[in-house]
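Here is a short tour of a protein model, from its overall build down to one of its helices. Take a look at the structure first, and then read on.

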Amino acid sequence: MALATLDVVVLDCPDPTALAGFYAAVLGGTIEDQGEWVDLKLPSGTGMAFQAAPGFVPPKWPSSDHSQQFHLDLTVTDLDTAEKGVLELGAKPLDTEDRTRSFRVYADPAGHPFCLCAG
């Protein structure tokens, strides 16, 4: 029997409103902005939250010195179309050269790694 259920994934960042806007543009959903804490309610019923973190230092991909801690896998129907969209929204490519793979790695505008995965 489980002791808990997952409520929300929270990302530390320098600008919660801006990062919530990035993920809302990628995933859809509704933003509830409370200043230093911003919720993103996704159409699937799940959610993400973004918390202001003064002095935030983004992880580096790949690096054991600046561990990524975790990353998000986002399923897409067309990698090329999704890639174009996230780049226009401010994502940075981290590991996208091998076009034969079923995934590509990016950093969101605050530096958190995420993957677009063919679904």
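What follows covers the fold, the overall dimensions and surface, and then helix H2.

Please keep in mind that this is a predicted model. The protein holds 2 helices and 8 strands, and from the N terminus on these elements run β-α-β-β-β-β-α-β-β-β. Of the contacts between residues at least 6 apart in sequence, 49% join residues at least 24 apart.

How does the radius of gyration of the protein compare with that of a compact globule, and what is it? For 119 residues a compact globule would have a value near 14 Å, and the 15 Å of the protein agrees with this. The C-alpha atoms fill a box of roughly 40 × 35 × 35 Å along the principal axes.

Some values for the whole protein are gathered here.

| Property | Value |
|---|---|
| Share of buried residues | 34% of the 119 residues |
| Accessible surface | about 7100 Å² |
| Share of that surface belonging to carbon and sulfur atoms | 55% |
| Distance between the mean positions of the 7 positive and 17 negative charges | 7 Å |

Now for a closer look at helix H2, which spans residues 79–88. Its buried residues are Leu79, Ala82, Glu83 and Val86. These residues cover an arc of only 105° around the axis, so they lie on the same side of H2. Thr81, Lys84 and Glu88, on the other side of H2, are exposed. And what covers the buried residues of H2? The cover includes helix H1 (16–27) along with strands E5 (72–76), E7 (103–107) and E8 (113–118).

Key:
Residues are numbered from 1 along each chain as its sequence is written. This is a predicted model: local features need pLDDT of at least 70, side-chain atom pairs count only at pLDDT 80 or more; totals for chains, interfaces and linings use all residues. Side-chain values use heavy atoms; hydrogens and water are left out. Helices (H or I, at least four residues) and strands (E, at least two) are DSSP runs, numbered from the N terminus. The radius of gyration is taken over C-alpha atoms; the globule rule is 2.2 Å times the number of residues to the power 0.38. Buried means under 20% relative accessible area, exposed over 50%, partly exposed in between (1.4 Å probe, protein chains only). Contact means heavy atoms within 4.5 Å. Accessible areas come from the Shrake-Rupley method with a 1.4 Å probe; for residues, only the protein chains shown count as cover. Lys and Arg count as positive and Asp and Glu as negative; His and the chain ends are not counted. The place of a charge is taken as NZ of Lys, CZ of Arg, CG of Asp or CD of Glu. The arc is that of the directions from the helix axis to the C-beta atoms.
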